[in-house]
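Okay, thanks for coming, everyone.

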Amino acid sequence: MNPNNYPESSAQALSQKRKEKELVIVEYELNQVVDNKLKKLKGKDVSQSPVIPFGEVEEKDEVFAPNLSCSVGSHIKNKALEIYPCFKSAEINDQTIISLGLNSILDLSFDFPKGQNTLFDVVQWRWLKNKFPPKKYQIDQYDSVKVNLSPLLTSYKEERPRSYNWYKLYNTSKSLSQKYDVEENEEWDEEDFCLFFITSVLKLQKHHKYVFDDNFNKSEWDYLCKFWSPIMEKLFERSGLRLTWGDTTLSLDDIQSKNNMKVDLRILQDETVQRFNKETDTAVLEASKEDPGLLKYQSDHCKLMVESKNIIDMYIDKGHNVDNVDCLQICGLDLVILNLSLSAPGLYVANEVFFGSITNSLSRVEDMLKIAFNLLSFKRTVLSIKNKNQEEKTCFKQNTKNIKSEKYNQESEKKLFIGNKKSWTRGTWVANRDSETKIPPSPHNLTT
């Protein structure tokens, strides 16, 4: 062998060995990629695999609609279980029926042919509407506020141009704001909010005209940042409640529910427990853009109902006498106020309280005030939950000092009432609508 060729042959051998090792590494990486894809495909197959159907269940709600062979609670749950295995591939209306039914919710806010309306005939639906009539706010309690703000109602002149009417309304509003300055007198809190609301609508009409124009693409954050966020923050000023925006989770002990329930706005009550802040949800809000489509609208609607159900369950589980809560759904400049109530054993009933819409019209000042009055009523409802909790905690502390007091006996009666209500609550079911995850099992306590 020529010694001069030895280094060259040695280098070739080393190069060959390196190539062999590189091929081994590449083969290993390719196998890893293939294995990962197979696992993902296997996961998809599992998520789409049929779920073993349940037999029929029987609820003890004792609500019997005409010509219905079982109770209403049993009916909505059995219909949900019947189509539950096909949740991922189901139409949005069927997904709504499944989500509401497995959460023991009867939603009377939908009109035909949406939601659970399709599970009942016309006579049965009308009977249910009469059995559980929607709660309406008594906005006549704001008649004195309306009188104080009456100059706004007479400012608009139909024969005058839009620019004149805008400045007339704006100047009147600013003048009244100086007169009813809440920083000088907190008794003018309601007048102050209404004037802020009217002024905000006027500024939106002048400086953000595109939000009223269908030719422009808008997101939900256009409406939240430019209008609803300032309105809601103003509404709850000096209330002792805190607003948290942007996909946070409910303050619940149920970990499964917490991980799935991302909320657009939570209205929180804070308290200090052993030097740490503890937050409790009192109400929630979900928002979307204008005309979000049936999928987004019903998805947000069901989400709101389940979130509100969780809040009710939380209060009852902790021994508080709170069996109904209000919530808000916003679609662009449309506002819907909803109420959910634990109305019978294993049956939560939802109703629409109010619907209002912000328009580009300057002549609808009275309609704008009506929206403001309903928002004030919503605030009062939320505050009543806060005040009730504080009062119950105060009574509990007093009762621990004197077990023979009259309040102690009342507390015992309250505990009995809460104990009965606790037996009415049912489990929560939350499913992602994507095709990647498995369908969760139905709640273990869907019925008693």
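Let me start with a question: at what angle do helix H2 and H3 pack, and how far apart are their axes? Before I answer, the housekeeping. This is a predicted model, so to speak of local features we need pLDDT of at least 70, and side-chain atom pairs count only at pLDDT 80 or more, while totals for chains, interfaces and linings use all residues. Residues are numbered from 1 along each chain as its sequence is written, and side-chain values use heavy atoms, with hydrogens and water left out.

Helix H2 (residues 72-83) and H3 pack at about 125°, and their axes are 8 Å apart. Axes here are lines fitted to C-alpha atoms, for helices over the stretch in contact, with angles running from 0 to 180 degrees between N-to-C directions. Helices (H or I, at least four residues) and strands (E, at least two) are DSSP runs, numbered from the N terminus. H2 and H3 are therefore oblique to each other; under 35 degrees counts as roughly parallel, over 145 as roughly antiparallel, 65 to 115 as roughly perpendicular, and the rest as oblique.

Who makes the contact, meaning heavy atoms within 4.5 Å? From H2 we have Ile76, Lys77, Ala80, Leu81 and Ile83, and from H3 Asp94, Ile97, Ile98, Gly101 and Leu102. By class that's seven nonpolar, one polar and two charged residues. Ala, Val, Leu, Ile, Met, Phe, Trp, Tyr, Cys and Pro count as nonpolar, Asp, Glu, Lys and Arg as charged, and the others, Gly among them, as polar.

H3 has another partner. Helix H3 (residues 92-102) packs with helix H11 (residues 294-317) at about 0°, with axes 10 Å apart, and that makes the two roughly parallel. Contact residues include Ile92 and Leu100 of H3, and Leu294 and Met305 of H11. This contact has six nonpolar, four polar and no charged residues.

Ser308 counts as buried, at 1% relative accessibility. Buried means under 20% relative accessible area, exposed over 50%, partly exposed in between (1.4 Å probe, protein chains only). Not counting residues up to four places away in sequence, Ser308 touches Val284, Val325, Cys327 and Leu340.

Now the middle. A nonpolar core is a set of buried Ala, Val, Leu, Ile, Met, Phe, Trp, Tyr and Cys residues joined through side-chain atoms within 4.5 Å. The largest one has 54 residues, and Phe197, Trp228 and Phe378 touch the most other members. Its largest share, eleven residues, comes from helix H12 (residues 365-401). There's a second, separate core of 27 residues, and Val284 and Leu340 are among its members.

Last stop, the loops. Ala65 is buried at 5% relative accessible area, whereas Asn67 is exposed at 77%. Asn67 also has a positive phi, near 60°. Most residues other than glycine have a negative phi. Ser104 has a positive phi too, about 60°, and sits in the loop between H3 and strand E1 (105-107). Ser104 is buried, at 0% relative accessibility.

To zoom out: the protein has 13 helices and seven strands, and 46% of its 448 residues count as buried.

How values were computed: Contact means heavy atoms within 4.5 Å.
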